[in-house]
Amino acid sequence: GIPMEIIVGKMFKLEIWETLLSSMRPGEVAEFWCDTIHTGMYALVSRGMRRITEGRDPLEGQKHRCGMGNMFDYHSTGYDDLDELQRTPQPLIFIMELFRVEEPSAYKRDTWAMNKEEKLAAVPVLHSEGNRLVLRKEFAQAAAKYQEAVICLRNLQAKEKPWEEGWLKLESLVTPLVLNYCQCQLELGEYYEVLEHTTELLQKHNDNAKAYFKRAKAHAAVWNEREAREDFLRVAHLDPSMGAAVKKELKQLGERMRKKHVEDRKRYQGLF
């Protein structure tokens with residue numbers, strides 16, 4: 001019920017469709033006869049499109065591998081006519097209507113489809129959008145923006161040699177984004193998520209006071225008193241300017257723990 005979109009040049013499973021569409025004009029309807037050399041992947045493409053129209057996940061039941069690999073596992077597309085086409089490939093006729101052609105800059109591209117320069121340009125935009133959402137207290141949406149920016153940078157980092165100049169430059173951009181992401185998760189009550197990401201960050205940068213501070217707050221929230229105190233004290237040691245904030249957090253932690261101990265004693269007395 002809705003038009004299909006193809007990003008030309010991004011290796012769509014049926015590459016011939018890009019060639020066909022590139023020969024058309026907006027508003028044109030055209031019929032193309034294609035030999036079997038071009039139609040081998042049609043059954044898998046059609047299966048995915050049918051599942052979408054049925055309201056199902058087109059990747060339902062697949063392992064993380066290529067489409068043909070999944071075919072070898074399950075021996076069926078789930079549709080008899082497509083299974084027959086798999087067994088005996090045939091030339092096919094495609095009838096296409098081209099609704100609209102957009103310039104590369106006219107639509108919002110997913111980060112996976114961007115090249116290096118586009119990813120680097122997208123990071124500050126995503127960072128700014130995340131900050132704007134935080135001001136509106138839309139923490140889940142802000143976290144998604146920060147996470148998308150981190151993924152862009154991690155993809156670029158994977159092509160650099162660890163701890164060399166290019167890698168370190170990207171890491172300097174990743175760190176504040178991860179900290180912002182963790183702050184959003186604290187606001188959302190996702191404390192174990194914060195523990196995971198701050199610990200990973202501190203394994204690389206063990207002098208980052210802000211990471212210790214956020215991890216301490218997450219420890220405190222899940223009643224890890226000893227770990228929380230250790231992290232708060234490390235913050236005060238690394239950054240004396242945060243001493244007042246640490247003192248306040250330690251006071252609140254002590255009060256919460258005393259209240260919890262009183263409640264626990266009452267609960268255990270009732271049991272016995």
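I count a charge as sitting over a ring if NZ of Lys or CZ of Arg is within 6 Å of the ring centre and within 35 degrees of the ring normal. With that in hand I looked up Arg 50, whose charged end sits over the ring of Tyr 79 at 5.1 Å from its centre. I also found Lys 260 over the face of Trp 223, 5.4 Å from the ring centre.

I kept in mind that this is a predicted model, in which local features need pLDDT of at least 70, side-chain atom pairs count only at pLDDT 80 or more, and totals for chains, interfaces and linings use all residues. Residues are numbered from 1 along each chain as its sequence is written, and side-chain values use heavy atoms, with hydrogens and water left out.

Next I searched the whole structure for aromatic pairs and found four. Rings of Phe, Tyr and Trp (its six-membered ring) pair if their centres lie within 6.5 Å, and planes under 30 degrees apart count as stacked, over 60 as edge-to-face and the rest as tilted.

Tyr 42 and Phe 94 make a tilted pair, with 5.6 Å from centre to centre and 50° between the planes. This pair links Tyr 42 in helix H3 (residues 42-53) with Phe 94 in strand E2 (residues 92-97), 52 residues apart; helices (H or I, at least four residues) and strands (E, at least two) are DSSP runs, numbered from the N terminus.

Why does Phe 94 count as buried? Its relative accessibility is 7%, and buried means under 20% relative accessible area, exposed over 50%, partly exposed in between (1.4 Å probe, protein chains only).
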